[in-house]
Amino acid sequence: MRITIFGTGYVGLVTGACFAEVGNDVVCVDVDGGKIDRLNRGDIPIYEPGLEGVVVRNREAGRLRFTTDTAAGVHHGQLQFIAVGTPPDEDGSADLRHVLTVAGSIAEHMTDYKVIVDKSTVPVGTADRVREAVDRGLAARGVTVDYAVVSNPEFLKEGAAVDDFMKPERVIIGSDDARARDLLHSLYSPFNRNHDRLISMDVRSAELTKYAANAMLATKISFMNELANIADRVGADIERVRIGIGSDPRIGYHFIYPGAGYGGSCFPKDVQALARTAHDVDYVPQLLQAVEEVNDRQKHYVFNRIREHFAGHLSGRCFAVWGLSFKPNTDDMREAPAGRLMESLWEAGASVRAFDPKAMAETRAIYGEREGLVLCDSPEAALEGADALVIMTEWNLFRSPDFEAMRERLAAPVIFDGRNLYDPDYLADLGYAYYAIGRPVQAPGNPGATE
Ligand code: UDX
């Protein structure tokens, strides 16, 4: 099939590459000429496991092309995917400017039947707005061309995006047009494993499904973070509680890990946008508001622990920070708890020696050569002379370090673990003061805390 994808961010690039991988003829369009040049050289702007191979292979086979030429893009595909960004507006609602601009461009150039597919995460009712924009564009040209607008939200996880796309748990197709639905069914049939993964529904339900999924996952995390805070105060261990409740299949083990707060490009933005949608229809989304508030508070958890340990004296101290991306296997730092932590440490007059397996370039791009930040090229180097180690992302590399050797490098054996990676008893035996999330603190004295 001939497919055009507008937007070469995470969603657009993965979608385009994976459609090409199963034999489709794909053109990806982006307004960013620099990005298109890079992609045409086989240089992938983001780190995503497996993506480079798929892009390069399909580009060389001629099934995947990149261009800034919008008109050529519109002419190419019978299926026109909109996968551009929807950043949050001031009030938390999704900014549809880019989506509607693409809709206008499609209307400007289309001459035959097109299926316009909303792939970006967009609020309920966006398909109608896309339709209005296309109708306006066609009317301005004084032509009538048949087309359909379909909602086909993406559920990919960063760090596993290619796999998620190639082996989806479900593909949601929201369409009121039988011809468009059939085309999407054929398009996605190569991705059905064992049984049909396609779930068809009306457009608005499909739009809401995406937000519902992310809001539910974010709720699970905030719930566990809330329980971790209660566990702290009643002297329980949230890790035991997690295992205890996860064994109930109605609850399950997935997505109940307490931590330093959820980040990334989706959860914070989507919870806010869904709350905004609710307000717009005169409904007060109490649970969603709480999910967000709990998460905001959680992003201060590790910093508060650090401040308590050092009795508020952070000025002039230095902290090793392991893990900067919002989660492992990505270099994405959007809404990363590590960012918030470093900013709090700097405000308190402390400095940071930071290491991440993939996000060093991104950290440099965001924070530059600022005072109080030393970018280190190994986890060990980050520890050198630091008053404590702080772990913000659970990269595998951090799971089993040499604690004895680490103690030699650190100024004091203190670990603040925002991801509950280690066994508190084991670390206590080694003489570490170990602060995790929602777990009893094993602090032999208060090493390093005296002025
Ligand atoms: C998420 C959804 O999982 C995906 O389906 C959707 O399409 C986009 O949003 P992503 O943003 O890539 O994907 O990250 P995800 O793996 O879901 O993690 C989000 C955040 O939640 C991370 O900061 C992670 O550390 C945190 N998290 C996750 C927890 O704190 N605890 C958990 O148990 C799980």
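**Entry 1: Asp 30**

I began at Asp 30, which touches Gly 7, Thr 8, Lys 35, Ile 36 and Thr 68, with residues up to four places away in sequence left out. Two residues are in contact when their C-beta atoms, placed from the backbone, lie within 7 Å. I am working on a predicted model, where local features need pLDDT of at least 70, side-chain atom pairs count only at pLDDT 80 or more, and totals for chains, interfaces and linings use all residues. Residues are numbered from 1 along each chain as its sequence is written.

Next I looked up where Asp 30 sits. I found it in the loop between strand 2 (25-29) and helix 2 (33-40). Helices (H or I, at least four residues) and strands (E, at least two) are DSSP runs, numbered from the N terminus.

Is Asp 30 buried or exposed? Asp 30 counts as buried because it has 23 C-beta neighbours inside 10 Å. The cut-offs: buried means 20 or more other C-beta atoms within 10 Å of the residue's own, exposed means 12 or fewer, and partly exposed lies in between, with C-beta atoms placed from the backbone.

**Entry 2: the binding site record**

I checked UniProt. Its unreviewed entry lists Asp 30, Lys 35, Thr 86, Thr 121, Glu 158, Lys 269 and Arg 334 under "binding site". UniProt positions are given in the numbering used here, feature names are shortened, and annotations may be inferred rather than shown by experiment. The listed residues spread over 305 residues of sequence, and in space up to 24.2 Å between C-alpha atoms.

I picked Thr 86 from the list. Thr 86 is in the loop between strand 4 (79-82) and helix 5 (97-109). Which residues does Thr 86 touch, not counting those up to four places away in sequence? I noted Ala 94, Asp 95, Leu 96, Val 99, Ser 120, Thr 121 and Val 122. Thr 86 has 22 C-beta neighbours inside 10 Å, so it counts as buried.

**Entry 3: the active site record**

UniProt places "active site" at Cys 266, again in an unreviewed entry. I located Cys 266 in the loop between helix 10 (238-246) and helix 11 (267-280). Cys 266 counts as buried because 25 C-beta neighbours lie inside 10 Å.

**Entry 4: the whole protein**

I stepped back to the overall fold. The protein has 18 helices and 14 strands. Its C-alpha atoms fill a box of roughly 80 × 45 × 45 Å, taken along the principal axes.

How does the radius of gyration of the protein fit a compact globule? With 451 residues, such a globule would be near 22 Å; the protein has 24 Å, which agrees. The radius is taken over C-alpha atoms, and the globule rule is 2.2 Å times the number of residues to the power 0.38.

Buried residues make up 45% of the 451 residues. Among contacts between residues at least 6 apart in sequence, 71% join residues at least 24 apart.

**Entry 5: the domains**

The domain assignment gives domain 1 (2-201), domain 2 (211-297) and domain 3 (299-435). These bounds come from an automatic or database domain assignment. The centres of domain 1 and domain 3 are 38 Å apart, taken over C-alpha atoms. Four residues of domain 1 contact seven residues of domain 3. On the domain 1 side, I counted two nonpolar, one polar and one charged. Ala, Val, Leu, Ile, Met, Phe, Trp, Tyr, Cys and Pro count as nonpolar, Asp, Glu, Lys and Arg as charged, and the others, Gly among them, as polar.

**Entry 6: the core**

The largest nonpolar core has 123 residues. Such a core is a set of buried Ala, Val, Leu, Ile, Met, Phe, Trp, Tyr and Cys residues joined through C-beta atoms within 7 Å. Val 321, Leu 389 and Val 390 have the most contacts inside this core. Helix 9 (residues 203-234) gives the most to it, with ten residues. I followed Val 390: beyond four places in sequence, its contacts include Val 302, Phe 319 and Val 321.

Most residues other than glycine have a negative phi. Asn 194 has a positive phi of about 65°, and Asn 420 has a positive phi of about 50°. Asn 194 is in the loop between helix 8 (178-188) and strand 8 (198-201). Asn 420 lies in the loop between strand 13 (414-417) and helix 18 (424-429). Asn 194 is exposed, with 5 other C-beta atoms within 10 Å. Asn 420 is buried, with 22.
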